[in-house]
Every structure is written in C-alpha cells, then in structure tokens.
Amino acid sequence: MLSRTASDLYWMSRYLERAENMARMLDVSYSLSMMPQDGRDGLDEIAMPLLITGTLEDYLGRHGQMHAERMLDFFALAADNPVSIYSCLGAARASAHAVRGRITADMWENINASWLEIRGIAQQGLNRYGMSRFCEWLKERSHLFRGATYGTIMRNDAFRFIRLGTFIERADNTLRLLDARYEMMSIKALDSVDDESAWSYYQWSALLRALSSFEAYTEVYRDAPAARPVAELLLLRADVPRSLRACTDEINRILSVLPGINGRPAQRRVAEMDARLRYTGIDEILEAGLHEWLNAFIASIRELGAAIHTSYLEVV
Amino acid sequence: MSQIFFDEMYDPNGQVRPHYREFARWLAETPEETLAQRRREADLLFHRAGITFTLYGDEQGTERLIPFDIIPRSIPASEWWVVEKGCIQRVKALNLFLADLYHDQRIIKAGVIPADQVLANEQYQLAMQGLDLHRGIYSHISGVDLVRDGDGTFYVLEDNLRTPSGVSYMLEDRKMMMRLFPELFSAQRVLPIDHYPNLLLDTLKSSSPLDNPSVVVMTPGRFNSAYFEHAFLAREMGVELVEGADMFVRDDKVFMRTTDGPQPVDVIYRRLDDAFLDPLAFNPDSMLGVPGLLSAYRAGNVVLANAIGTGVADDKSVYPFVTDMIRFYLDEEPILKNVPTWQCRKPEELSHVLAHLPELVVKETQGSGGYGMLVGPAATREEIDTFRARLKAKPHAYIAQPTLSLSTCPTFVESGIAPRHIDLRPFVLSGRETRVVPGGLTRVALREGSLVVNSSQGGGTKDTWVVED
Amino acid sequence: MRLSISHETAYHYDDEVRASIQYLRLTPHDSERQHVLSWHLDLPKPVRAQVDAFGNILHVLTLEGPHDHIVISARGQVDIDEQREAEHEDGSPLPYRRFTRLTEADDALISFARRHGAKGDRAGLIALMNALGDHILYSPGATEIDTTAAQAFAGAKGVCQDHAHTFIACARSLGVPARFAAGYLFTPGSEQLECHAWAEAWLEGAWYSFDVTHRLARPERHLKIAVGLDYLDACPVRGVRRGGGFAQMHAKVVVTPTVLDQ
C-alpha cells in the first residue's frame with residue numbers, strides 16, 4: 001500500500017477515535033458538573049477535558065476566563081480550535097477524502113454525512129442542540145463508522161492501518177483519562193475524602209462510563225469502584241476493549257502481520273510493551289506511583305507512534 | 001418559437017418519438033410528488049457520496065454538486081451504432097495522425113496539413129519525436145464531443161485527447177437511475193455501461209508490453225476539480241491512486257513509495273497536463289509531477305496514458321483537418337461530420353468572421369471548459385466589440401463556427417419540465433482494439449436558451465440510454 | 001582548433017540530502033563544427049547516457065541514501081572547425097518558433113525586433129544582435145536565472161543568458177525559428193574557458209549562431225554542449241532533492257583549457 005494512503009487511513013481513524021474520546025470525556029465532565037458540588041459551580045469539572053487535551057491555556061488566551069458555556073463550545077464545536085471535536089472530525093473527513101478510493105462507499109458516505117451533520121449542529125449551536133444529545137450523537141456516528149468499516153472493508157493492509165490508528169489513539173486516551181481522574185482524586189484525598197465516599201464513587205464510575213467499562217467492572221469486581229481495581233481493569237485486563245492491555249494486544253497483532261522488514265523497530269517496541277503489561281501486577285504499578293507509571297507509558301506510546309511513522313508512513 | 005431545434009423526445013408534430021414511448025408512459029403515470037421526492041433523494045445520495053467537483057478560481061475550493069436530471073437522454077440503438085462507428089473511426093485516425101506526426105510526417109509531406117500548423121503548435125512535443133510507443137497508441141482514452149443540429153444530424157464539436165473527464169458521472173448517473181427507478185429498466189432494454197472500468201483497466205494493461213503491468217491512476221491531488229473521478233476510477237479498477245510525491249525515479253525506472261518499500265510502476269493513467277509531469281523537463285515549478293519521469297518514459301520503462309503531446313491533435317486549429325486525416329490514413333469517408341470552421345489565422349476567413357460576429361461562435365484554439373469563447377447571438381454589443389479587438393490582435397489564436405442549434409431534451413427545471421440544450425461525450429478506449437461503451441455523458445445547459453453545457457458554467461448531466469429498437 | 005577541457009562542479013549541502021535526481025547536460029556531441037576526440041564524465045555512480053528531446057546527450061543521475069556533497073567532473077578533447085558558419089541538421093526547425101515563458105515577446109520586444117531585425121534575414125538578425133548588445137548592458141547580478149526576456153529587456157541589464165533569450169524572443173516574433181545554445185567559450189590569451197550561452201537562428205536551411213554578448217555572428221570560439229527552446233532545456237544541471245532542509249548550494253567551477261595548434 002502507498003505510504004501516503006496508509007498515513008491517511010491511520011490518521012482518519014486516529015482523528016475519529018479522538019473525536020469520539022473527546023465526546024466521552026465531555027459527556028462525563030458535563031454530567032459531573034451538574035452534581036451537587038458543595039458550593040462550587042462545577043467549572044473545574046468542565047475545564048477538565050481542556051486540561052487533559054492541553055487546550056486550557058489556549059482557551060484562556062482567547063477567552064480570558066472560565067465560562068461554562070464558552071468552554072464547552074470551545075472544546076466541542078469551535079472551528080478555530082484546531083483540536084476541537086469539530087476540527088478532529090473535519091481532519092478525519094479530509095483524510096477519508098484523500099483515500100476515497102481505498103475505503104468502501106459505506107465508510108465514505110458515513111463519515112461524509114457525519115461531517116455534513118456536525119456543520120449543521122455547529123450552525124445551530126450546542127445550547128440549542130443539547131449537550132448530551134451531541135455527545136450521544138457523536139458516539140453513535142463513531143459506532144456506525146466502525147460498524148461500516150468492520151462490515152464492508154476487505155481484511156487487507158488498509159483495514160490494518162485503520163485499526164492501528166484506532167488503538168494507538170485509544171491507548172493514549174485511556175492512559176490520559178485515568179491519570180487525570182487519579183490526579184483529581186489525590187488532590188481531594190488531601191482534603192481527607194476517603195475512598196468510600198459518594199463523591200469518590202461518582203468520580204470512578206464516571207471514568208468507567210466514559211470508557212464504556214462500567215458494566216465490565218461490576219461484572220468482574222462486584223463492588224463499588226475504587227482506585228486499585230479501576231486501574232487494574234483499565235490497564236491490565238485484556239478482555240476490556242478500551243483497556244491499555246487490549247490496545248497493545250491489538251497493535252502487536254496488527255504489526256506482526258504487516259508485510260516487509262521496514263517495521264522491525266515498531267514491532268519490537270510494541271512486543272516489549274505487550275510483555276511489560278502481561279507480566280506486571282497492579283500492585284507493582286501502584287508502588288512505583290501510578291502517575292509516574294502512566295506518564296512513562298504515555299511517552300512509550302508516543303515513541304511507538306513515531307516508529308510507525310518512520311517505518312510505514314513516510315518511507316523514503 | 002417554431003421548431004428550429006431538434007428535440008430528442010418529441011418529433012416536430014409534438015408526438016413522442018418511438019424510443020421514448022416507454023419512458024413517456026412511465027412519466028405520465030408517476031405522481032408528481034413521487035418524482036419530486038426521488039429527485040430530492042438523488043440530490044441527497046450524490047451529496048453523501050461526495051460526487052462533487054471543485055470550481056477553478058473559487059478560492060474556498062467549495063465543492064459543488066453537478067446537477068443531475070432524472071429525465072434520461074435516450075438514443076435508439078440503430079442510430080447509436082452509426083455514432084459509435086464514427087467515433088471509433090475518428091479516434092483511430094487521430095492516433096494514426098499522432099504516430100505519423102512524431103515519426104515520418106507523411107501527412108505534412110503530402111500537403112494535407114500545413115507544417116507550421118502542427119509543428120509550431122505549442123502542444124507539439126519535441127520529446128515525442130521518434131519515440132516508439134507500444135501499439136503506436138497515443139490517446140488511449142478519448143472523449144468525442146457531439147452535438148445535434150436542427151435536423152438531427154450529429155456533428156463533432158471537438159475531440160478531447162489529453163485528459164478527458166466526465167466518465168464517472170456517466171457511471172454514477174446510471175447507478176442513480178437504477179437505484180431510484182428500477183422499474184424503468186425492466187420495461188425496456190437499456191444497453192449496459194457498467195463494464196467501463198474493466199475495459200479501461202484492460203486498455204491500460206494492453207498499453208504496456210509487459211504481461212501483467214502494475215497500473216496506477218495519477219492525480220494532481222484532492223483539490224483538483226476532477227479528484228472525485230480520479231479516486232472513483234482507481235477504486236473501480238482496483239489500482240493505486242497516486243500523487244506525484246508518491247512516486248520517484250531511480251535509474252530510469254518509476255517506483256511508488258509503499259509500506260512495503262519501493263514498488264515498480266509500469267503504466268500511469270495520468271490525469272494531469274503534460275506541463276506538470278516532470279519539473280526537470282517541463283514547468284520547473286510543478287510540485288505535482290515526478291522528477292525524472294520524462295527520462296523513464298523516453299527510456300521505454302513506463303507507459304503514460306495518454307501519451308505526452310496528444311494536445312497537438314485536439315487543438316481547435318487542427319480540428320478542421322480531422323476529416324482529411326480520416327481520408328488520408330483510413331481511406332474512408334468520415335462517418336461523423338465536422339462543424340464548418342473558419343480559421344481566423346487566414347486573412348480572408350478572418351474578415352468573414354469579423355463581418356458576421358453576431359451570428360458566430362468564436363473559440364480560442366487553446367481554450368477549454370467553455371472559457372474564453374464568444375457566443376455571438378447571446379452576446380451584448382460591448383462583448384462583441386471587445387472580442388473583435390482581441391481577434392484582430394491575435395487572429396491565429398481563434399477559430400469561428402456557425403452557432404449550432406443544439407438539440408434539446410425535456411429537463412426538470414423550476415417551472416416544471418422544459419426543453420434544455422444538450423450535448424454528448426462518448427468515451428473511446430484504444431488498446432488491442434478500439435471500443436466504446438454505449439452512450440456516454442450527456443451534459444445539459446440548465447439555463448433557458450443557454451448553449452454552454454460545461455459544469456463550470458452551470459451545466460448538469462443526464463443518464464444516457466442506448467435503447468434497443 | 002583543438003580544445004582540452006576539464007570542468008569540475010562540486011555541490012556541498014549544509015544538511016544531509018536523502019535523495020536527489022539531476023538532469024545533466026555536460027557532454028558535447030559531434031556535429032559539422034565540432035568533433036569530439038574524447039570525453040569522460042565522472043559521476044558518483046555509473047549512469048547510462050541518453051539523447052534528450054533536443055538531441056543533446058543527457059545523463060540522469062539519481063542518488064539515494066544520505067549524501068552531503070556531489071562532485072561531477074567532465075574532461076575531454078574537442079576539435080573545432082573555426083571557419084564553419086552554420087550547421088545543418090535533420091528535423092524541422094518549426095518547433096523552435098513557439099514562445100516559452102522565458103522567451104515570450106512583449107510589445108517592446110516585438111517592436112524592437114521589427115525596427116532592427118528587418119525581414120529576419122541574416123543581415124537583419126546581425127543588426128538585431130548588435131542592437132540588443134547595445135541595449136542590454138552586460139552586468140552580472142542584475143538578473144536571476146528565471147528572469148524572462150521581457151524583464152531583462154525592460155531592465156536593460158543582464159548576462160549572456162538574457163542576451164540569448166531576448167534575441168530568441170525577437171527572432172521568433174519575426175517568424176524565424178530560434179533556439180538557446182549552451183556550452184563553453186574560449187577567449188584567446190586568457191587561458192580560460194567560460195560557461196556561456198548564445199542563440200541560434202534558422203536561416204536558409206541551417207542553424208546560424210548569434211552571440212549577442214560578444215556580438216559574434218560566427219561561433220569560432222564556441223564549444224556547444226546543448227540546445228533547447230530556452231535556458232531550462234539546455235542548462236548543464238537541473239535537479240531536485242529530498243531533504244537537505246533549507247540548505248545552501250555551493251557550486252565551484254574550475255575550467256582549465258589547453259589550446260593546441262594543429
């Protein structure tokens with residue numbers, strides 16, 4: 001496959017996955033911000049997605065102060081925010097357009113329709129369309145696209161690069177979300193809010209819901225969510241589709257079947273990561289410090305992304 | 001107005017022509033709301049499928065739909081076979097002409113075409129001189145633009161031998177009609193066209209001496225007005241869609257950059273102009289081409305379809321000689337007529353043109369897409385005066401033709417159904433044999449009275465049926 | 001006259017170049033005026049010689065893998081028939097009547113050509129050559145390699161390339177086929193050969209030379225390497241590279257001629 005084509009397929013699915021993840025993040029923060037906040041206005045909850053995606057400063061630079069509605073709009077629909085959900089969907093659609101000949105009609109029509117619709121939503125404004133409705137809509141569009149992909153495209157390298165983009169993005173997202181929630185809990189923990197509190201329950205269950213893992217959690221642990229089991233579920237369980245382990249598993253499998261010898265550096269990296277997760281217990285991770293461990297892994301994922309780039313996507 | 005136009009559906013007495021009877025019956029029976037709803041559906045489907053084009057000169061690169069009209073243009077098979085034979089004859093002669101022009105130049109020596117007419121032409125490529133092409137084919141994919149005059153006679157308006165476009169609309173229009181109105185296709189036999197991509201791939205493969213050559217479609221990129229078509233054809237043929245930057249030349253051979261390392265390229269169906277192919281040989285500013293491509297081509301290591309330098313044969317100043325070419329190379333009488341043409345470079349013809357500007361259509365010899373032309377009967381006095389000055393300044397850059405009364409076909413417009421002018425572009429494929437799929441692309445001028453069918457000037461398209469008698 | 005030439009070009013890049021490709025026109029071929037006794041082109045790797053669209057000998061050099069310099073050297077011996085004024089050639093001259101971007105004749109050039117070139121015969125073209133030499137002052141640095149004939153004429157300054165382009169534009173505007181010639185020029189007594197460009201025009205069935213810079217209508221001191229519609233077709237080196245960043249290109253030209261009496 002053409003390196004440029006592989007690159008467009010990879011980024012198409014990365015951007016789409018990113019848009020979906022951002023909608024999930026937004027949904028959770030928005031609902032948490034509505035909760036009784038012991039006298040607070042929920043602004044820090046709404047700022048959280050901006051913080052995680054590193055766009056809070058950009059926002060403050062443009063709008064001066066935290067303002068719920070403006071932050072939500074900036075994050076979701078602002079065309080001048082290069083990492084808004086709107087922009088991500090636009091980038092995904094532009095990549096799809098560039099490889100129109102390599103994806104199926106169903107896939108193209110799906111992503112093109114999503115793009116046309118979000119432009120309509122942007123015109124209406126988030127307030128009129130409805131915040132939760134918007135997040136649901138986006139998740140649904142992403143599910144549809146994935147369904148169209150699984151259901152219609154040949155199981156060839158195009159399919160593999162699409163999946164590769166999805167799982168790299170998803171792994172990164174799971175790590176960041178877990179890290180951010182854990183940070184928030186640690187700060188609170190200083191205020192001596194213990195793990196058993198209702199507040200803690202909402203925090204962890206919100207994270208699980210954002211990663212569509214709430215049902216999986218209750219089935220596995222049959223207990224109220226808490227730091228240790230949540231981290232274990234999201235990092236180490238291979239049977240939870242948005243867990244880190246599930247992502248590296250997929251990436252490892254995909255890279256091992258891509259043709260050619262260009263990819264060896266990337267293959268070696270992911271095999272190492274896979275082994276690291278396979279033979280690590282959650283207590284080892286917590287002992288090392290969850291925040292440090294997560295950040296080291298975020299860096300590893302970034303390096304893996306770079307290795308995939310030089311190996312496949314920009315072959316001289 | 002009395003019937004000065006040939007209408008495809010109705011005869012001069014207002015009676016439905018036999019090959020339209022089935023359709024007319026269906027149209028009368030189908031409730032108006034159904035039609036309106038299907039038309040909306042068609043719009044939505046085209047939009048969703050991204051079947052769009054980008055206007056040149058539109059800075060935002062806005063994508064637009066080419067309006068699609070659900071009333072088909074229908075041709076009886078018996079009539080079509082003549083048109084088909086005529087197109088094949090014409091393209092064969094044009095290919096023989098190009099081979100001759102870049103080798104022995106017999107046609108010049110025989111005095112059929114003046115040497116300066118072709119050799120001093122900007123489209124004549126020195127790089128092609130003496131170069132032998134597999135099967136001697138230069139224009140593998142040709143589009144012949146046809147119109148019908150008042151009495152129904154077909155005329156060739158121009159030949160397109162560089163990178164003719166529009167075939168994707170021909171295919172998509174048919175798909176759309178079959179999706180919206182399947183009942184129409186069971187009522188009568190409309191000859192199929194959907195094998196075109198197979199024929200195209202076969203043509204491209206047969207352009208190379210290799211047994212199983214690696215074929216690619218080369219596009220200037222996604223901002224090109226015909227990008228949709230490039231992607232469409234690559235996909236339908238199952239070959240790579242490449243841009244210049246995806247390829248490179250190493251030791252006179254062309255390769256593409258893939259995830260599995262460099263892979264050889266043997267046949268390039270290129271959809272960009274000669275001038276952009278190789279920045280080291282042609283336009284040095286071209287970012288769209290492949291440095292070194294010309295050397296690989298001249299070394300015989302890659303096939304370009306169409307070949308470089310075909311523009312000299314479809315230049316409007318060479319057009320008047322095509323009927324003579326048919327006689328010269330094939331020793332046959334032309335099946336399809338040329339539109340009478342005045343060559344403004346000839347002083348006596350120029351003075352005729354200047355005296356009759358309000359009745360004539362004047363075109364630039366190098367122009368395309370309906371730009372830079374004067375339609376005398378539709379022009380204002382000032383427009384005519386401006387054009388007169390341009391003609392006098394650069395007479396060799398123009399030709400003139402009588403204003404043809406293009407045939408009309410009933411078309412959905414805002415006020416209901418009304419006749420609109422149409423043309424026809426069949427696509428001719430030249431490989432082991434010369435072939436045409438039945439019909440072609442019908443373009444329709446949607447503005448009342450307009451004779452300009454180009455999509456960039458507000459034209460639409462119709463499905464084109466060849467109906468068995 | 002026998003010339004012994006050695007020409008070395010070295011390119012140094014500030015950054016590493018990942019891949020490069022070059023069209024090289026550095027090899028003369030036999031004609032009625034010149035006979036090539038020997039010629040060697042030293043390239044970083046062996047390259048097959050081919051003939052380009054204009055009949056020039058062309059080498060296409062493709063280099064992959066990182067490199068930060070390229071050295072190209074040419075040396076050989078050529079006999080020149082100083083007495084011969086014109087050269088015959090197969091093939092129609094008509095393709096050399098068209099204009100190119102660099103040789104487009106604007107109104108100023110067209111009227112200049114009419115005024116000095118008369119009917120476009122040899123005498124007229126010689127007068128045109130001299131008039132252009134007077135009008136465009138030889139001044140290195142006043143123009144760039146992509147300066148058009150019309151721009152150079154309007155600025156009234158330029159180098160040999162601009163002289164050739166303006167002459168070609170004028171000749172073509174008179175309906176005379178004309179082309180760009182590139183090669184070396186020998187200056188007696190200087191022991192130096194220089195890279196040079198001049199024009200050729202088609203008169204009475206042969207190509208005649210017109211060196212505006214030196215006001216020479218006979219190419220007695222010229223070694224021709226390549227011809228074309230304009231500079232872009234005939235220039236010695238035309239290339240592109242990947243990588244190398246915004247690197248500067250340094251070219252060093254050493255030319256050592258030896259003149260032997262026959």
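This is a predicted model: local features need pLDDT of at least 70, side-chain atom pairs count only at pLDDT 80 or more; totals for chains, interfaces and linings use all residues.

Colleague: How many residues of domain 1 of chain A are in contact with domain 2 of chain A, and which element gives the most?

Modeller: On the domain 2 side, 23 residues take part, against 25 from domain 1 of chain A. The elements giving two or more residues to the domain 1 side are α1 (3–33) and α2 (43–52) of chain A. With 17 residues, the top contributor is α1(A).

Colleague: How does that side of domain 1 of chain A divide into nonpolar, polar and charged residues?

Modeller: Take the side of domain 1 of chain A that touches domain 2 of chain A. Its residues divide into six charged, five polar and 14 nonpolar.

Colleague: Are α5(A) and α6(A) roughly parallel or roughly antiparallel?

Modeller: Helix α5 (residues 85–98) and helix α6 (residues 105–124) of chain A have axes that come within 10 Å. These axes cross at roughly 150 degrees. Angles over 145 degrees count as roughly antiparallel. Therefore α5(A) and α6(A) are roughly antiparallel.

Colleague: Is the crossing of α5(A) and α6(A) left-handed or right-handed, and which residues of α6(A) meet α5(A)?

Modeller: α5(A) passes α6(A) in a left-handed crossing. The contact residues divide into nine nonpolar, three polar and one charged. From α5(A) come Y86(A), L89(A), G90(A), A92(A), R93(A) and A96(A). They meet, in α6(A), W108(A), I111(A), N112(A), S114(A), W115(A), I118(A) and A122(A).

Colleague: Which element gives the largest share of the side of chain A that touches chain B?

Modeller: The contact takes 18 residues from chain B and 21 from chain A. On the chain A side, α1, α5 and α6 each supply at least two residues. By class, that side has 11 nonpolar, six polar and four charged residues. The largest share, five residues, comes from α6(A).

Colleague: How many helices and strands does chain A have, and what is its radius of gyration?

Modeller: Chain A has 16 helices and zero strands. Its C-alpha trace spans about 55 × 50 × 35 Å along the principal axes. A compact globule of 316 residues would have a radius of gyration near 20 Å. Chain A agrees, at 20 Å.

Technical notes:
Residues are numbered from 1 along each chain as its sequence is written. Chains are lettered from A and ligands numbered from 1 in the order in which they are written. Two residues are in contact if their C-beta atoms, placed from the backbone, lie within 7 Å. Helices (H or I, at least four residues) and strands (E, at least two) are DSSP runs, numbered from the N terminus. Ala, Val, Leu, Ile, Met, Phe, Trp, Tyr, Cys and Pro count as nonpolar, Asp, Glu, Lys and Arg as charged, and the others, Gly among them, as polar. Axes are lines fitted to C-alpha atoms, for helices over the stretch in contact, and angles run from 0 to 180 degrees between N-to-C directions. Angles under 35 degrees count as roughly parallel, over 145 as roughly antiparallel, 65 to 115 as roughly perpendicular and the rest as oblique. A crossing is left-handed if the near helix is turned anticlockwise from the far one by less than a right angle, and right-handed if clockwise. The radius of gyration is taken over C-alpha atoms; the globule rule is 2.2 Å times the number of residues to the power 0.38.
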